[in-house]
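Dear colleague,

Please find the structure below, together with a short account of what was found in it. I would be grateful if you could read the two side by side.

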Amino acid sequence: MAVLSLTQAHLAFGHVPLLDGASFALEAGERVGLIGRNGSGKSSLLKIVAGLEKLDDGLLQLQQGLRTVYVPQEPDLRADARIFDVVAEGVAEAKALRERFERHDPADDLDAIQTQLEHLGGWTWEQRVDETLARLGLDGERQVGALSGGLKKRVALARALVAQPDVLLLDEPTNHLDLDAIAWLEGLLNGFSGSLLLITHDRAFLDNVCNRIVELDRGQLRGYPGNFAAFQAAKAYELENEALANARFDKLLAQEEVWIRKGVEARRTRSVARVARLVEMREQHAARRNVQGQVRLDIDTGGSSGKIVAELEGVSKAFGERQVVRDFSATILRGDKIGLIGPNGAGKTTLLKLILGQLAPDSGTVRTGSRLSVAYFDQMRDGLNLDATLADTISPGSEWIEIGTQRKHVKSYLGDFLFSPQRANSPVRTLSGGERNRLLLARLFARPANVLVLDEPTNDLDIETLELLEELLADYDGTVFLVSHDRRFLDNVVTSTLVSEGEGRWREYEGGVQDWLEQSRRAATLAAAAAKAAPAPAPVAAAPAAAPKRKLSYKEQRELEEIPVRIAALEAEQAELNALLSGSELYTQGAGRIQQVTERAAAVDNELLVLLERWEALEAK
């Protein structure tokens, strides 16, 4: 049953409608991911559902008594208040009603107030706040102004959850959260009993949380069952069909235009219908909203750096009593693409500065390579002058820009990043968050560099731009240092990761996030198995004796022999399912079949991982 619905919704800012007769319904218990290009109107739609903005036309219907809570991208929290007081704002109505009841004002209808209090659970609002704080790992006595961006986002979520909403609306909930916090949030939302509508460009988050994807595309809302992986396959098939239909329509229109230009003898009645159809086709073609063009990314690597970019040996760095880097050694070579992973405040920026020779270590040695030309992408956008125009930001004092051997006009270059020529002279402050990130990328790629340092480049970028940026970085000849909490982006770009393991210890792993997680799990499994199989220490006086090797039981031996056969069967099924998901035939068989195949593919992946870990554990014995 739908808890809210939009019918024939219209909304426009300027000449392009954001919603153009769009319709949408949110079912009870659904977890919907809302995606679309930057500037397509996703945040505006969320605010309309939250009751903060109004439609130009159309109908928004909410179930009677529906409690809806909206958490914006940048929550507005009182900096001078305690966490407890800010979270308690989520039960402000219940709190105010209880205060009225306790005042015993003769003008109040105490029976009505008591009934409403019981409905809202107002007698125990303090307990609800305390339980929510404990569940989210927050100290109610801490001052909000002293918190990091990730903790502030957690406080905003606590304020929303304590209200016990029927519908939770989240705008970019993973921004400013580290990997551990994102995993925690996934678990929290998967356990949420109400309906969920969220905007995010984190593809792994969409896969792990959402059971339906809704795309806002050219003013229309289109729903796709399943997670983001199922959406990608269905969308590719849909766009292919749309392109074919448009091509057939355009061919017929061209033929009719030739016919009308040649002239029709004595325009008889039988030709009137054909002329009318041509007029209608012209109107349809003029009204068609084609797929928006893609960002075109190119970068000038300049001259190559030396083979060795940096060599660190036994490097340590502390600030006061806090050890940020402890006895770290590594060799960074030209062409390496390295992801830095760690919680907020772990020291990723400090480690980067040590690697690039911008910060002296307390102990150990750092040798930087020759001919390094470094370009930075700053997640805080501090390098942008808000009063400068877009053209001056890219190429101050000149209308032309050189990318490698190409010479481009600055307006043409901005067009590659989806900025129209009319906006080239607009000030930076008129841009949205995603557009400012695109402008930063445009400026970054306009300068020759053989080392790129990208600090959270994925924030606010739409999914198509993220995928193009991934391709560019994968083909880039220089060295990349990437700080990001977007797991899919890291997996698709980096060749190795530097991971914070606490107390200033950093360790290098080959591959991306999934490789690091699998290596960590396997190491932990083997260590646990080794510890379990380790013999008791011999008495001091006794001569050391070799520990007898533990034999497998008959049941374990049979299991070990069967595991390779089971793995082979699962891998064959996995290949068959992946072929189905990659092809187009599946998407003609209905939403139920798509969801069934998608869920089975995820289950096979999990079963394979469990079998591989069990195989290693038995082999270790």
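Which residues does Thr393 touch, not counting residues up to four places away in sequence? They are Leu384, Ala388, Val428, Leu439 and Arg443, where contact means heavy atoms within 4.5 Å.

Some conventions come before the rest. This is a predicted model, in which local features need pLDDT of at least 70 and side-chain atom pairs count only at pLDDT 80 or more, while totals for chains, interfaces and linings use all residues. Residues are numbered from 1 along each chain as its sequence is written, and side-chain values use heavy atoms, with hydrogens and water left out.

Thr393 is found in helix H12 (residues 390-394); helices (H or I, at least four residues) and strands (E, at least two) are DSSP runs, numbered from the N terminus. With a relative accessible area of 8%, Thr393 is buried (buried means under 20% relative accessible area, exposed over 50%, partly exposed in between, with a 1.4 Å probe and protein chains only). Its side chain reaches the backbone oxygen of Thr389 at 2.8 Å.

Turning to the nonpolar cores, each is a set of buried Ala, Val, Leu, Ile, Met, Phe, Trp, Tyr and Cys residues joined through side-chain atoms within 4.5 Å. The largest has 47 residues, and those with the most contacts inside it are Val129, Leu168, Leu189 and Leu198. Helix H6 (residues 149-161) gives the most to this core, with 6 residues. A second, separate core of 43 residues includes Leu390, Phe445, Leu454 and Leu490. Beyond four places in sequence, Leu189 touches Arg31, Leu168, Leu170, Leu196, Leu198, Phe205 and Val209.

An open sheet is formed by 6 strands in the order E14-E17-E18-E12-E19-E20, with mixed pairing; two strands pair if DSSP finds at least two bridges between them. Strand E14 (374-377) and strand E20 (506-510) are the edge strands, each pairing on one side only. Within the sheet, strand E12 (residues 337-341) and strand E19 (residues 496-500) pair in the parallel sense over 4 bridges. Ile341 has Val499 in E19 as its bridge partner.

Finally, two residues other than glycine have a positive phi: the value is near 55° for Arg218 and near 55° for Glu503. Arg218 is placed in the loop between strand E8 (212-217) and strand E9 (220-225), and Glu503 lies in the loop between E19 and E20. Arg218 counts as buried because its relative accessibility is 15%, whereas Glu503, at 56%, counts as exposed.

Note on methods
A polar contact is a pair of N or O atoms within 3.5 Å; within protein, one must be able to donate a hydrogen and the other to accept it, and residues adjacent in sequence count only if both atoms are side-chain atoms.
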